[in-house]
Amino acid sequence: MGAEREAVIGGGAVGTASALDLTVDAHVHTGFAAGRDAVGVVVSAADRAGLTALTFADQAGPDTTWLTAYADAVRRARHRTELRLRVAAEVEVVRPDGWLALPPDLTQLDTLSVAVSALPFGDELLDAREIRSRLTAGQVTAEQVAEALVLVTVRGIERASRYVPSQLARPLALLTQAGIDDTVISPALVGELTAACRTTGTVVEISEAWRSPSVRLVEMLRDAGVPVLPASDARYAAEVGRWQYLRRF
């Protein structure tokens, strides 16, 4: 684990002993992908919000061609601010074995933010709508969906951590999107997830935009000693470091 990552974690990721450091934002987007604003505009907004650390985590995949320009923009911004800035990419788990849709070059990145926006299920990727449809049809149960989702999440962060330090984006949010209450996640499943996070050194993001994970799950993660970080998931500069949901923690 690099010194810069240690500094960010030391300033913001916590277990049960202390409150979240809301001067850290571990996941923001820019105009390179899912966001609207340029890197410099986002950094200025973070400064105005009183932040001390910021992680850029634009969505990237095998066809991404802008990663070098993106990383260069963040590196240039470091010369104009006292904020600690990190370069990350949000990547999707796309197969049941945890295979990631990685960009071609990971050397530009300080970390990978691992997401599961659709459930790899056999040869298919099931989005929330398809999961709801199969639940209604009785083709799967909520418990089966939860077990499969935890398993692919574990495998995804295990694979990501082989390359660069990893963090977990909006964990298990797909359950809520599919209309499944996260109480379906048993303590045993939570134990599998927390063990994988500890083993791989994965930091869990608490997403303001997605209101994920739930208060219940955050408490279980922190009780298990898993580090967590505030993440706005901001797509607009005005949303960076602005907290409502996260103030519960």
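Predicted model: local features only at pLDDT ≥ 70, side-chain atom pairs only at ≥ 80, totals over all residues.
Local features are taken only where pLDDT is at least 70 and side-chain atom pairs only at pLDDT 80 or more, while totals for chains, interfaces and linings use all residues. Residues are numbered from 1 along each chain as its sequence is written, and side-chain values use heavy atoms, with hydrogens and water left out.

**View A. The open sheet runs β1-β2-β3-β4-β7-β8-β9.**
Here are 7 strands, with parallel pairing. Helices and strands are DSSP runs numbered from the N terminus (helices: H or I, at least four residues; strands: E, at least two). Two strands count as paired if DSSP finds at least two bridges between them. At the edges sit β1 and β9, each pairing on one side only. From one strand to the next, the twist averages 30°, an angle that runs from 0 to 180 degrees between N-to-C directions of axes fitted to C-alpha atoms.

**View B. Strand β3 pairs with β2 and with β4.**
On one side, 7 bridges join β2 to β3, and the two run parallel; Ala57 has Ala88 in β3 as its bridge partner. Ala88 also stands opposite Thr111 in β4, where β3 and β4 pair in the parallel sense over 5 bridges. β3 is mostly covered, with 7 of its 9 residues buried. Buried means under 20% relative accessible area, exposed means over 50%, and partly exposed lies in between (1.4 Å probe, protein chains only). Together, β2, α3 and β3 make a right-handed β-α-β unit. Right-handed means that, with the strands pointing away from the viewer, the path from the first strand over the helix to the second runs clockwise.

**View C. Helix α2 (residues 39-48) has its buried residues on one face.**
The buried set is Val39, Val42, Val43, Ala45 and Ala46. Seen down the axis of α2, they fall within an arc of 160°, so they line one face of the helix. That arc is taken from the directions from the helix axis to the C-beta atoms. The buried residues pack against β1 (24-28), β2 (53-59), α3 (67-78) and β3 (84-92), with contact meaning heavy atoms within 4.5 Å. After α2 comes Gly50, with a positive phi near 80°.

**View D. Strand β8 is covered on both faces.**
Val203, Glu205 and Ser207 are buried on one side, Val204 and Ile206 on the other; that makes 5 of 5 residues buried. Val204 stands opposite Leu168 and also opposite Val228 in β9. The parallel pairing of β7 with β8 has 2 bridges, and that of β8 with β9 (residues 228-231) has 4. β8, α8 and β9 make another β-α-β unit, again right-handed.

**View E. Helix α7 (residues 187-200) spans the length it should.**
Leu189, Val190, Leu193, Thr194, Ala196 and Cys197 are buried in α7. These cover an arc of only 160° around the axis, which puts them on the same side of α7. Pro187, Ala188 and Thr199 are exposed on the other side. Among the elements covering the buried residues are α5 (142-160), β7 (166-168), β8 (203-207) and α8 (215-223). Gly201 follows α7, and its phi is positive, near 75°.

Notes. Expected span 1.5 Å × (residues − 1).
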